Amino acid sequence: SQVWAAIDDGTGRRYALKTLLPDFQNDREQIAALDHEYAVGHKLNHPRVLGADFRGMSKVGPFLRMELCEGLNLRDVLRKDRRALQPWLASIVTQACESLVYL
């Protein structure tokens with residue numbers, strides 16, 4: 001799959017759209033996996049867990065609309081300067097554990 005940042009023309013709100021790759025847009029297993037991700041994701045309600053709020057079909061195939069998390073991600077910070085994380089490491093681990101406990 002691919003994940004794209006998108007803007008709702010009506011509201012101006014930004015979302016993440018997850019689409020299936022072209023070779024998998026008609027693959028029943030991949031579509032079922034996307035449906036399952038929506039079934040689980042639309043029930044999530046936690047400040048540190050991104051959820052899904054809509055599952056639809058467009059002219060390019062099925063898609064899942066999800067919350068968009070903008071800004072730096074942990075992988076990019078680790079690649080740039082992992083020592084910069086030192087002051088926040090305890091908080092990062094605590095928040096990750098809170099998310100896992102919720103899930």
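Modeller: Of the 103 residues of the chain, 21% count as buried, where buried stands for a relative accessible area under 20%, exposed for one over 50%, and partly exposed for what lies in between, with a 1.4 Å probe and protein chains only. The model is a predicted one, in which local features need pLDDT of at least 70 and side-chain atom pairs count only at pLDDT 80 or more, while totals for chains, interfaces and linings use all residues. Residues are numbered from 1 along each chain as its sequence is written, and side-chain values use heavy atoms, with hydrogens and water left out.

The predictor's confidence in each residue is given as pLDDT, from 0 to 100. Its mean over the chain is 92, and 100% of the residues reach 70 or more. Confidence is highest in strand 2, at 96, and lowest in helix 2 (residues 74–81), at a mean of 86.

The chain has four strands and three helices; these are DSSP runs numbered from the N terminus, with at least four residues of H or I for a helix and at least two of E for a strand. Along the sequence they follow the pattern β-β-α-β-β-α-α. The chain is more spread out than a compact globule, because its radius of gyration is 16 Å, well over the 13 Å that the globule rule gives for 103 residues. That radius is taken over C-alpha atoms, and the rule is 2.2 Å times the number of residues to the power 0.38. Along the principal axes, the C-alpha atoms fill a box of roughly 45 × 30 × 30 Å.

Now to the rings themselves. The structure holds one aromatic pair, formed by phenylalanine 54 and phenylalanine 63, which is tilted, with 5.9 Å centre to centre and 40° between the planes. Rings of Phe, Tyr and Trp (its six-membered ring) pair if their centres lie within 6.5 Å; planes under 30 degrees apart are stacked, those over 60 edge-to-face, and the rest tilted.

Phenylalanine 54 lies in strand 3 (residues 52–58). Apart from its neighbours within four places in sequence, phenylalanine 54 is in contact (heavy atoms within 4.5 Å) with Tyr38, Phe63, Leu64 and Arg65. Tyrosine 38 is 16 residues from phenylalanine 54 along the chain, and their C-alpha atoms are separated by 7.3 Å.

Arginine 65, one of those contacts of phenylalanine 54, also meets another ring: its charged end sits over the ring of tyrosine 15, 4.2 Å from the centre. Such an arrangement requires NZ of Lys or CZ of Arg within 6 Å of the ring centre and within 35 degrees of the ring normal.

Two other residues complete the picture. Arginine 13, in the loop between strand 1 (2–7) and strand 2 (14–19), is partly exposed because its relative accessibility is 45%. Its C-alpha atom is 9.9 Å from that of glutamate 67, 54 residues away in sequence. Valine 77, in helix 2, is buried because its relative accessible area is 17%. Leaving aside neighbours within four places in sequence, valine 77 is in contact with Leu72, Arg82 and Leu85.
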